[in-house]
Amino acid sequence: MTTVEPIKNKKDIKKVEKILAKQSKRNLLLFTFGTNCGLRISDILRLNVGDVQNKLYIQITEKKTGKFKKFPINAKLKPMFEDFTKNRNPEEPLFMSVWNHRLDRVTSYYIIKTACKKAGLTEKTGTHTMRKTFGYHHYQKFKDVALLQKIFNHSSSSITLRYIGIEQDEIDKSYTNFIL
């Protein structure tokens with residue numbers, strides 16, 4: 001199994017968003033949602049329109065852990081959800097395929113992987129890149145590994161730091177700055 005990486009450069013995130021915006025509102029929202037909430041793709045794809053339509057919070061039971069999670073919808077996502085869910089049935093899947101079925105993991109992977117490649121990213125990318133990107137930038141902004149550990153439901157802060165690529169960043173920086 002190949003480990004994917006976060007997108008660490010905010011300009012690269014914008015490039016990916018621009019590419020996805022040209023494709024469809026669905027693809028842009030999928031990526032933006034993933035990078036702004038830190039959910040696993042399995043939890044994102046399980047959402048229905050009614051889970052986000054006219055809501056202030058998203059509430060789920062995580063598929064992997066079985067744990068309840070509740071978090072506010074941020075200012076970037078709120079208008080995107082409003083536009084994307086306008087006049088849609090609350091019972092239908094939030095993310096639909098072109099065949100009118102719930103979007104699946106494989107198609108989601110292809111959407112994200114292809115957009116990242118078109119944006120010129122050299123990192124190993126996939127759907128989990130969105131979750132790791134959220135974690136990396138959340139840590140860079142707040143420097144609170146304990147909070148991020150709780151958000152991700154990780155058992156230790158060292159797992160969280162390794163997961164978002166901070167551990168490797170620190171190692172690289174120490175080598176780069178160490179000259180005898």
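The model is predicted. Helix 5 spans residues 105-118, and its buried residues line one face. Helix 6 is largely enclosed by the rest of the structure, because 11 of its 15 residues are buried. Four aromatic pairs are counted in the model.

**Helix 5: length and ends**

- Helix 5 has 14 residues, which should span 20 Å at 1.5 Å a residue. Its end C-alpha atoms lie 20 Å apart, so the model agrees with that expectation.
- Asp-104 caps the N-terminal end of helix 5. One of its side-chain oxygens lies 3.2 Å from the backbone nitrogen of Val-106.
- After helix 5 comes Gly-120, with a positive phi near 85°.

- The buried residues of helix 5 are Ser-108, Ile-111, Ile-112, Ala-115 and Cys-116. Viewed down the helix axis, these buried residues fall within an arc of 120°, so they line one face.
- Helix 1 (10-23), helix 2 (25-37), helix 3 (41-45) and helix 6 (128-142) are among the elements that cover the buried residues of helix 5.
- On the other side of helix 5, the exposed residues are Val-106, Tyr-110, Lys-117 and Lys-118.

**Lys-118, in helix 5**

- Lys-118 lies in helix 5. Its relative accessibility is 57%, above the 50% cut-off, so Lys-118 counts as exposed.
- Lys-118 still has partners elsewhere in the chain: it touches Ile-19 and Gln-23, with residues up to four places away in sequence left out.
- Lys-15 and Lys-118 are 103 residues apart along the chain. Their C-alpha atoms are separated by 8.9 Å.

**Thr-125, between helix 5 and helix 6**

- Thr-125 sits in the loop between helix 5 and helix 6. With a relative accessible area of 5%, Thr-125 falls under the 20% cut-off and is therefore buried.
- Thr-125 is in contact with Val-4, Tyr-109, Lys-113 and Cys-116, leaving aside neighbours within four places in sequence.

**Helix 6**

- Helix 6 has 15 residues. From first C-alpha to last, helix 6 reaches 21 Å, close to the 21 Å expected at 1.5 Å a residue.
- The buried residues in helix 6 are Thr-129, Met-130, Arg-131, Lys-132, Thr-133, Phe-134, Gly-135, Tyr-136, His-137, His-138 and Tyr-139.
- Lys-143 follows helix 6. Lys-143 lies in the loop between helix 6 and helix 7 (145-152).

**Positive phi at residues other than glycine**

- Lys-143 is not a glycine, yet its phi is positive, at about 50°.
- Asn-153 is not a glycine either, and its phi is positive, at about 60°.
- Asn-153 is in the loop between helix 7 and helix 8 (157-163). Its relative accessible area of 28% lies between the 20% and 50% cut-offs, so Asn-153 is partly exposed.

**Aromatic pairs**

- The count comes to four aromatic pairs. In one of them, the rings of Phe-33 and Phe-81 have centres 5.2 Å apart and planes at 80°. That angle is over 60 degrees, so the pair is edge-to-face.
- The pair links distant parts of the chain. Phe-33 is in helix 2 and Phe-81 is in helix 4 (residues 77-85), 48 residues apart. Phe-33 and Phe-81 are both buried.
- Phe-84 and Phe-95 form a tilted aromatic pair, at 5.9 Å centre to centre with 35° between the planes. Phe-84 lies in helix 4 and Phe-95 in the loop between helix 4 and helix 5, so the pair ties together parts 11 residues apart in sequence. Phe-84 and Phe-95 are both buried.
- Ring pairs also link Phe-134, Phe-152 and Tyr-163 into a cluster. Phe-134 is one of the buried residues in helix 6.

**Lysines over tyrosine rings**

- Lys-70 places its charged end over the ring of Tyr-57, 4.5 Å from the ring centre.
- Lys-132 lies over the face of Tyr-163, at 5.0 Å from the ring centre. Lys-132 is among the buried residues in helix 6, and Tyr-163 belongs to the cluster with Phe-134 and Phe-152.

Key: Residues numbered from 1 in each chain as written. Predicted model: local features only at pLDDT ≥ 70, side-chain atom pairs only at ≥ 80, totals over all residues. Heavy atoms only, no water. Helix = DSSP H or I, 4+ residues; strand = E, 2+ residues; numbered from the N terminus. Expected span 1.5 Å × (residues − 1). Buried < 20%, exposed > 50% of the residue type's maximum accessible area, 1.4 Å probe, protein only. Arc of directions from axis to C-beta. Contact = heavy atoms within 4.5 Å. Polar contact = N/O pair within 3.5 Å; in protein donor to acceptor, adjacent residues only side chain to side chain. Phe/Tyr/Trp six-rings, centres within 6.5 Å; stacked < 30°, edge-to-face > 60°. Lys NZ or Arg CZ within 6 Å of the ring centre and 35° of its normal.
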